[in-house]
Amino acid sequence: MVSVTSWGRLSHHAHCVTAFTSGAAVADVIRSTRPGLAHGMGRSYGDVCLNAGGQLWATRGLDHFIAFDAGTGRLVCEAGVLLGDIQRLMVPRGWMLPVVPGTQFVTVGGAIANDVHGKNHHVQGTFGDHVRWLSLARTDGETLTCGPDVLPGWFAATVGGLGLTGVIVAAELQLRPVPGPWLATETLVQADLDAFFFLSDASDAGWEHTVSWIDCLAGDAGRGIFMRANPVEAGERPEPVARTLAMPLVPPVSLVNRLSLRPFNLAYNALKKRQAGRAIVHYQPFFHPLDNVRDWNRMYGPKGFYQYQCVVPRAVGPEATRALLQAIARSGQGSFLSVLKTFGDRPPVGMLSFAQPGATLALDFTNNGGRTLKLFESLDAIVREAGGRLYPAKDARMPRDLFEAGYPRLAEFLTYRDPGISSDMSRRLMGN
Amino acid sequence: MSARNKIVILGATSAIAQHCARLWAAEGAGEMVLVGRDAARLQVVADDLRVRGRDMIISTRVADFADPQKIQAFADEIAGAGPPDVVLIAHGSLPDQAACQSDLAACREALEINALSPVLFAEAFVGHMERANRGTLAIIGSVAGDRGRKSNYVYGAAKGLVTRYAQGLQHRLAASAVRVVLIKPGPTDTPMTAHLKSQGVALAPVEAVAARITGAIARGSLVCHAPAKWGLIMMIIRHLPWFVFRKMDI
Ligand SMILES: Cc1cc2nc3c(=O)[nH]c(=O)nc-3n(C[C@H](O)[C@H](O)[C@H](O)COP(=O)(O)OP(=O)(O)OC[C@H]3O[C@@H](n4cnc5c(N)ncnc54)[C@H](O)[C@@H]3O)c2cc1C
Ligand SMILES: NC(=O)c1ccc[n+]([C@@H]2O[C@H](COP(=O)([O-])OP(=O)(O)OC[C@H]3O[C@@H](n4cnc5c(N)ncnc54)[C@H](OP(=O)(O)O)[C@@H]3O)[C@@H](O)[C@H]2O)c1
C-alpha cells in the first residue's frame, strides 16, 4: 500500500497500486484485481481519481504510440500517453491536439474520462469531440471498441465517464493541422464583467482561443485581463527554453493567505498589462502557463486546496457570475487563479460531460476547513439557482443533489457502469 | 547518432531499452533491429518507434536467449548484413532471492538470463565489431553487481560476472576503435521493480536513466552509473568494512 493524493492534496490515503505494463495485459490485470479504478497522472483536483484503501490501476505504463497517418493527422496511441508527448512529437510535423487543458501533464485516458476542455470550446468543442474510437476493457474480461458511430451508447458513457465504465486501453485521435507552434495573441484590459461578456461574444467569430483572468480581490467587478489567440505562421523563431522552477517542499502554512494573495494578484495584473497588446507567443506558455512551476500545488500548504469550477447557462451568465464573485469577495477567501471563459453551443459528447453552453468560472481556495466549505455552500446555491453544474474533475465535495440536478443523463449513464470499478467520487455521488 | 546508424537491441522490450530507443528515434537513427523473445511484445515497441522516428528502418527479431549455437548464428546473420554501430544488451530479470535459495532451478535460471545470456550475445557480436574495427557494445549490468548483499546476491553475482566480463572485454579491445560501455543502473522505475514501487521504494525515472545511458554510449564511456549518484553510493558500499556491513539490512 502506498499513499496517493490528487492535485488538490486534500487527502493522503493508502492505495494498493498496480501498474499496467502492456495493453495486452490490461484485461487480465483488472479482472484479477477488481474492484479498482484507473489512475493517470492524478492531475484531477479532487477524488475522481482516488479509491481510498482500494486498488488503483496506474495507466502511465501504457505509453506507446500505435500508428500515425501523416496525411490525415490521425493518431492511435495507448491511453497512458501524455498530451505533452503528443504535442512535442507532432507540432514539428504540423499537427496538434485540437483541445488541451491548462496542463500538458495529463494522460489521453484521463483527458477522455473527464472530457476535458481548453480555451477554444466555441471552435473545437471538448477532447471527446476528436476521439474517433477507443478500446475499453471491462472487468468481466470483455473488451469493446466504441466511437461516435460504433456502439455510440458506450462511447457517450465513456467520454466524460469518470473512469467508471471500464479502462480505456487505446484511442484514435484526430489531430488538427497547424502552421507551427506559434499563436498570435492579443491581451486586453477588461474593466468589468460586462466587458468580459462583450469581448467574449465579439471574439467568438474571429478568435479561436479566449480566456480571462479575474482579480477576485478587486471585489465583484470582474476586473481582469482578457486574452485571445489564433494559430499563426511565424516562421523560425527560438523556442522558449524550458525553465523549471520547483516548489521544493510543502510550506508549513499556506502561502496563499489574504496578505500574500493581494500583492500577487496585483502584480500579476500589472505584469500582464505591461504586455498588453499583440504578441507572438509559443503555445506552451499560452496553453499551460503554470507548467514550468513544478509542484505549484504545494504552495497551498499541508491541508491542500480546492478548486471550484462551475458552468452556468449563457442567459444568466453575467448575473450568476456576478453573484459568485460577490460571494467570494465577501468571504475574503479569494484565489490567485481565477479563470473565466465561455463555452460554445455544441452539444456535449458524453452523458456526464461537463462543458455545456454558458460561462465557466474556476477558482482555487486554500483548504480552511469549515469556513471554505461554508463558502462553497453559498456558491452552490447560486449555481443551482442558475441551472448550472460543477466539474467533477475539480470536485471533492459537491453535494449529491447538485450533481443529480446538474447531470440529467445520470440514470442513463449508470446502466453502463462497470460493477468492478468504484472511486471515492462514485461512492460519494452515486452511492457505490 | 549520425544518420544511417545501425543499432541492435537485445531485450528490446525492456523499459530501459525502450526509452533509449525512443531517444535514438528522436535523433533519427537509421536502422534499429529489435530483438526479444516474444513477437507480439516486440511489435508494440516497433510500432511505437515507427511513430516517434521518421525515416527509420525498424525490424523485429525473435531470438533464442540461451542456446550458444543459435546466439552465434543469430549474431552472424545480423552482423553479416553490415556490422552494427551500437549493440545494446538489455535483457535481464530480477529474481526473488528467497526462491533462488530454496529452489535451485530458479537460482540457475537467474544466473542464466542475467549472466550467461548477456555474455554469449556480447561475445557473439564483438568479434564482428572487432573485425570491422568500429562500433560500441553496451551491456547493462547493475549496481547490484558491486557487492554481494543478502537481499539479492544471486542476481548480484550474475551482474558481477557481467562487470568482470565487460572489464576484460575493454582490456582486450583497448587498442581497437571498438568501445565497450558497462552500464550500471540504480533502482529504476520499470516493470522489473513494480513490486518495490508498491512498497514505497524510491526509484529513478526511466527517462532520466535512458538519457544517461545514450549519452554514455555516444561518448563511449567505460562505465555509466545511472543516475550518476550511484557511482558514489556504491563506492562507499564497496568499501564499508565488514564489521559495519555485516549488520546492515540491505
Ligand atoms: C494545472 C491544471 C490545469 C487544468 N486545466 C484544465 C482545463 O483547462 N480544462 C479541463 O478540462 N481540465 C483541466 N484540468 C484538469 C485535468 O485536465 C483533468 O483532471 C484530467 O482528467 C487529468 O488527467 P490525468 O491523466 O491526470 O487523470 P487522473 O486525474 O489520474 O484521472 C482522471 C479520471 O480519469 C480516469 N482515467 C484515467 N485514465 C483512464 C483510463 N485509461 N481509462 C479509464 N479511465 C481513466 C480516472 O479514473 C479518473 O476518473 C487541469 C488540471 C491541472 C492540474
Ligand atoms: N529496473 C532497475 O531497477 C534495474 C536496475 C539495475 C539494472 N537493471 C537492468 O536493466 C536491464 C533492463 O531492465 P528493465 O528495468 O528495463 O526491466 P524490464 O522492463 O522488466 O525488462 C526486462 C527485459 O528482459 C527480458 N527478459 C527477461 N527474462 C528473459 C528471458 N528469460 N529471456 C529473454 N528475455 C528476457 C524481457 O523480455 P520480455 O519483455 O519478453 O519479458 C525484457 O526485455 C536488465 O538487465 C536489468 O537487470 C535494471
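Author: Two strands count as paired if DSSP finds at least two bridges between them. The model discussed here is predicted.

Reader: What makes β2 and β3 of chain B a pair?

Author: Strand β2(B), residues 31–36, and β3(B) share 6 bridges in the parallel sense. Because at least two bridges are required, these strands qualify as paired. One of the bridges links G36(B) to its partner V62(B) in β3(B).

Reader: Why is the sheet of chain B described as open?

Author: Its 7 strands follow the order β3-β2-β1-β4-β5-β6-β7, with parallel pairing. The strands β3 (57–62) and β7 (223–226) of chain B stand at the edges with a single partner strand each, so one side of each has no neighbour in the sheet. On average, neighbouring strands are turned by 15 degrees against each other, direction ignored.

Reader: Which strands of chain B does helix α1(B) lie across?

Author: Helix α1(B), residues 15–27, lies across β1 (6–10), β2, β4 (86–89), β5 (136–140) and β6 (179–185) of chain B, and runs at about 165 degrees to β1(B). Helix α6(B), residues 153–172, also packs on the sheet, where β5 and β6 of chain B are touched; the helix makes about 160 degrees with the direction of β6(B).

Reader: How many residues of chain A are in contact with chain B?

Author: In chain A, 12 residues are in contact with 11 residues of chain B. Both β2 (13–19) and β5 (65–69) of chain A supply at least two residues of that side, and β5(A) gives the largest share, 4 residues.

Reader: What is the make-up of the side of chain A that touches chain B?

Author: That side holds 9 nonpolar residues, 3 polar and no charged.

Notes: Residues are numbered from 1 along each chain as its sequence is written. Chains are lettered from A and ligands numbered from 1 in the order in which they are written. This is a predicted model: local features need pLDDT of at least 70, side-chain atom pairs count only at pLDDT 80 or more; totals for chains, interfaces and linings use all residues. Axes are lines fitted to C-alpha atoms, for helices over the stretch in contact, and angles run from 0 to 180 degrees between N-to-C directions. Two residues are in contact if their C-beta atoms, placed from the backbone, lie within 7 Å. Ala, Val, Leu, Ile, Met, Phe, Trp, Tyr, Cys and Pro count as nonpolar, Asp, Glu, Lys and Arg as charged, and the others, Gly among them, as polar.
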